[in-house]
Amino acid sequence: MSGPSADSAPLPRSLRLVWACSLALSALTLLTTWAKMHAGSLEGLWNPLVDPAFCDLMEFPPVFRSLHTAQFFAWVGHSRFSYPPLGAVLYAILYGSGHPVALYLGTAAAWLTACGWAVRRRFLAMKIGSMAATLFPLTLILISFPIVGMLHQGNIELALWIFTAVGVWAYLQDSDDMAAVLWGLAAAVKLYPVLLLILLLPRRRWRAFALGIATFVASSLLSLWWVGPTIGVAWRGLIESVFGYQGGRILQWTMHEILPNHSVFSFAKLAMLTSGLPVAKLMRPYYLAGMGIMGLAFFARLWKMPALNQLLAVTVFMLAFPPISYYYTLVNLYAPFLALLFLALRANQTGVNISGLQTTLLLFVPLFAPFTLFTFPRIFLFGGLIHASFLVALFLCALQYPFAEPTKE
């Protein structure tokens, strides 16, 4: 590690505040957990870290013994493969290696190391001291509950995160074709990143938008052909399993659903359940209302706002709108979070105050903390609903405050 240079500067106050609040919430999580256990209460302590390690990753080996046959889409014990077609290819690669856990952890280690190194390098280039440039990204990675939880579960969200985050980097570098291809691949792993492609519309990058859609369709069709036994059988089997899984989860109202699930749908579902109305009848109005709100916000407000506003709003919407959206999907917030952090650094260097930026950065902090910290069922506080509220607040910040590049007067 290089020593501080003569012209190095400390982190600006806005970043120090984000750092301090992140560390404080981690300490508070440990304290409240200890207090609850000491009091003999398990209230609010449910979390996926008590599940067997790599349970998501190692759930499907029995299912994949029937790969390339119609039986692949059936239930095997308590498991049924429920990802879009490219997800099946990624799982097959992991299982085919013979060491899926090692390959998964190796990929995660390489990815997180690259991210930490890239942030450190960017900080150093912006004259931040070496110690702060190293410890800031390192500590945030280590205390991030979405990252820790995702790795503990061995969830395939890791691959999707890599695709979407590198795509965001390409988008911010004006490499729109590359961004479109990566987001198309991400959508073929899990459907919701397809929403990122609308970021290309205000730039009028019609070719890139079409390329993203074509990548999504082509990679899905090729994956269906590979999964087999025919494209038609694979298509029907995966559609039934993916939407069957979603439909089953949507109707549930258990701790497993209301704690780690930060979808705003939970508020609507709670209202339906307390009023005695069937949740199933809520789905169509929910989808229509959600897409209407996003369409109005994007085309009437965000269209002429800076790219960072568009990125933040679309990312938050794609995480908060799906009826099932668990805590590990929040890793996708790190791309807009870092983009706003670097904007804060540039603003500090030019002496420009960007309205709402500090508040927006602080709203990310509780979203990267464990949902158990905000869970106290006796007073009707549940982590998933609290996280959903913070996501709504982030979305409103993206609509309210223009995050434009600072310029000296």
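Predicted model: local features only at pLDDT ≥ 70, side-chain atom pairs only at ≥ 80, totals over all residues.
Trainee: How are H16 and H17 oriented to each other, roughly parallel or roughly antiparallel?
Mentor: Helices here are DSSP runs (H or I, at least four residues; strands are E, at least two), numbered from the N terminus. Axes are lines fitted to C-alpha atoms, for helices over the stretch in contact, and angles run from 0 to 180 degrees between N-to-C directions. The axes of H16 (residues 357-367) and H17 (residues 383-400) come within 9 Å and cross at roughly 160 degrees. Angles under 35 degrees count as roughly parallel, over 145 as roughly antiparallel, 65 to 115 as roughly perpendicular and the rest as oblique, so H16 and H17 are roughly antiparallel.

Trainee: How do the residues in the contact of H16 with H17 divide by class?
Mentor: Contact means heavy atoms within 4.5 Å. On the H16 side are Thr360, Leu363, Phe364, Pro366 and Leu367, which meet His387, Phe390, Leu391, Ala393, Leu394 and Cys397 in H17. Ala, Val, Leu, Ile, Met, Phe, Trp, Tyr, Cys and Pro count as nonpolar, Asp, Glu, Lys and Arg as charged, and the others, Gly among them, as polar. The division is nine nonpolar, two polar and no charged.

Trainee: How are H3 and H4 oriented, roughly parallel or roughly perpendicular?
Mentor: The axes of H3 (residues 85-96) and H4 (residues 100-125) come within 7 Å and cross at roughly 115 degrees. Ile93, Leu94 and Tyr95 in H3 meet Pro100, Leu103 and Tyr104 in H4. By class, this contact has six nonpolar residues, with no polar and no charged ones. The orientation of H3 and H4 is therefore roughly perpendicular.

Trainee: At what angle do H3 and H8 cross?
Mentor: Pro85, Leu86, Gly87 and Leu90 in H3 meet Leu185, Ala188 and Val189 in H8. The contact of H3 with H8 has six nonpolar, one polar and no charged residues. H3 and H8 are roughly perpendicular, with axes that come within 5 Å and cross at roughly 85 degrees.

Trainee: Is Leu90 buried or exposed?
Mentor: Leu90 is found in H3. Not counting residues up to four places away in sequence, Leu90 touches Ile156, Ala159 and Val189. Buried means under 20% relative accessible area, exposed over 50% and partly exposed in between (1.4 Å probe, protein chains only). With a relative accessible area of 18%, Leu90 is buried.

Trainee: What is the reach of H4 from its first C-alpha to its last?
Mentor: The expected span of a helix is 1.5 Å times one less than its number of residues. H4 has 26 residues, and 38 Å is expected at 1.5 Å a residue; close to that value, H4 reaches 37 Å.

Trainee: Which helices do the buried residues of H6 pack against?
Mentor: H6 (residues 145-153) is mostly covered, with eight of its nine residues buried. Among them are Phe145, Ile147, Met150 and Leu151. These buried residues pack against H4, H5 (130-142), H7 (157-172), H15 and H16.

Trainee: Is Phe54 buried or exposed?
Mentor: Phe54 is in the loop between H1 (13-38) and H2 (61-64). Its phi is near 60 degrees, a positive value in a residue other than glycine. Most residues other than glycine have a negative phi. At 18% relative accessibility, Phe54 counts as buried.

Trainee: What does the accessibility of His68 make it?
Mentor: His68 lies in the loop between H2 and H3, and its phi, near 75 degrees, is positive in a residue other than glycine. At 38% relative accessibility, His68 counts as partly exposed.

Trainee: Which residues does a cis peptide bond join?
Mentor: Most peptide bonds are trans. Pro229 is found in the loop between H9 (206-227) and H10 (231-251). There, omega is about 5 degrees in the cis peptide bond joining Gly228 and Pro229.

Technical notes. Residues numbered from 1 in each chain as written. Heavy atoms only, no water.
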